Amino acid sequence: MCRSGRLVLYVGPMFSGKSAHLIAEAHAAPCSVESVLVLKPAFDTRSGAEIASRNGTSLAARSVAAWPEDAGQYKAVVLDEVQFMVQPHYEGNIVAELLEARDQGTTVIVGGLDTDYRKQAFPIVEALAKHADDVRALTARCHVCGRAARWTAKMHDTGQLLETGDSELYQALCDAHWHLP
Ligand SMILES: [Zn+2]
């Protein structure tokens, strides 16, 4: 993963294994782990200073609300939950910052939800997908029928568009079973 200048984007609904893929990418890096900068949005406080997958793997991560000044020292950047890196939770333009890092030779591996619980695209993830060298779309299993699920659904309406939660609040659902809260 330390080949220079690539942007790889993992998208898919919640419960589709995005974090597990990011963690595996970081561990598979032929360069040392110290040369991989792992970031998560400060907005997402669910698992503290780490990226945690539902299969039990985890990776120490720096919680950020702005692009780190020392990012240029790293050969690779791994970043999860990019959809939360928007104002007022993030100062800066994460799309431009990630593309600049890629153009300077950094390997950039990003994970994020492509759509919200209303099936509406997250604009920054859509913009990243246009510029990514590789977009890997993952699916989850439908909570109702077990078939491939590409949508995140919210179980009850909280009035919040950006909201962290787990299976108490969200489910992955297929085309047939998806519904608004
Ligand atoms: Zn289903």
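Which residues of helix α2 are buried? In α2, the buried residues are I94, L98, A101 and R102, where buried means that 20 or more other C-beta atoms, placed from the backbone, lie within 10 Å of the residue's own; exposed means 12 or fewer, and partly exposed lies in between. The model is predicted: local features need a pLDDT of at least 70 and side-chain atom pairs count only at pLDDT 80 or more, while totals for chains, interfaces and linings use all residues. Residues are numbered from 1 along each chain as its sequence is written. Helices (H or I, at least four residues) and strands (E, at least two) are DSSP runs, numbered from the N terminus.

**The sheet**

- Six strands form an open sheet with parallel pairing, in the order β5-β2-β6-β7-β1-β8; two strands pair if DSSP finds at least two bridges between them.
- Strands β5 (62-64) and β8 (134-137) stand at the edges with a single partner strand each, so one side of each has no neighbour in the sheet.
- On average, neighbouring strands of this sheet are turned by 20° against each other, direction ignored; axes are lines fitted to C-alpha atoms, for helices over the stretch in contact, and angles run from 0 to 180 degrees between N-to-C directions.
- Strands of a sheet pair through backbone hydrogen bonds, either parallel or antiparallel.
- Six bridges join β1 (residues 6-11) to β7 (residues 107-112) in the parallel sense, and L9 has V110 in β7 as its bridge partner.

**Strand β2**

- All six of the six residues in β2 (residues 36-41) are buried.
- On one side of β2 the buried residues are V36, V38 and K40, and on the other they are L37, L39 and P41, so both faces are covered.
- In a regular strand the side chains alternate between the two faces of the sheet.
- Strand β2 runs parallel to β6 and is joined to β6 by four bridges; the bridge partner of V36 in β6 is A76.
- Strand β2 also pairs with β5 in the parallel sense, over three bridges, and L39 has R62 in β5 as its bridge partner.

**Helices against the sheet**

- Helix α2 (residues 94-103) lies across β1, β6 (76-79) and β7, and runs at about 150° to β7.
- Seen down the axis of α2, the buried residues fall within an arc of 100°, so they line one face of the helix; the arc is that of the directions from the helix axis to the C-beta atoms.
- These buried residues of α2 pack against β1, β6, β7 and α3.
- The face of α2 turned away from the buried side carries the exposed residues A96 and D103.
- Just after α2, G105 takes a positive phi of about 105°.
- Helix α3 (residues 123-131) lies across β1, β7 and β8, running at about 135° to β1.

**The nonpolar core**

- A nonpolar core is a set of buried Ala, Val, Leu, Ile, Met, Phe, Trp, Tyr and Cys residues joined through C-beta atoms within 7 Å.
- The largest such core has 47 residues, and those with the most contacts inside it are L9, V38, V77, V78 and V110.
- Strand β1 supplies the largest share of this core, five residues.
- Leaving aside residues up to four places away in sequence, V110 touches L9, L79, V82, L98 and L128; two residues are in contact if their C-beta atoms, placed from the backbone, lie within 7 Å.

**Annotated positions and W178**

- UniProt lists E81 under "active site" in an unreviewed entry; such positions are given in the numbering used here, feature names are shortened, and annotations may be inferred rather than shown by experiment.
- Residue E81 is found in the loop between β6 and α2 and counts as buried because 22 C-beta neighbours lie inside 10 Å.
- Not counting residues up to four places away in sequence, E81 touches K40, P41, D44, G111 and G112.
- The UniProt annotation "binding site", also from an unreviewed entry, covers Y170, which is placed in strand β12 (residues 170-173).
- Residue Y170 counts as buried because it has 21 C-beta neighbours inside 10 Å.
- Apart from neighbours within four places in sequence, Y170 is in contact with M14, T152, A153, K154, M155 and G165.
- Residue W178 is found in the segment after β12 and counts as partly exposed, with 19 C-beta neighbours inside 10 Å.
- Apart from neighbours within four places in sequence, W178 is in contact with W151, A153 and L173.
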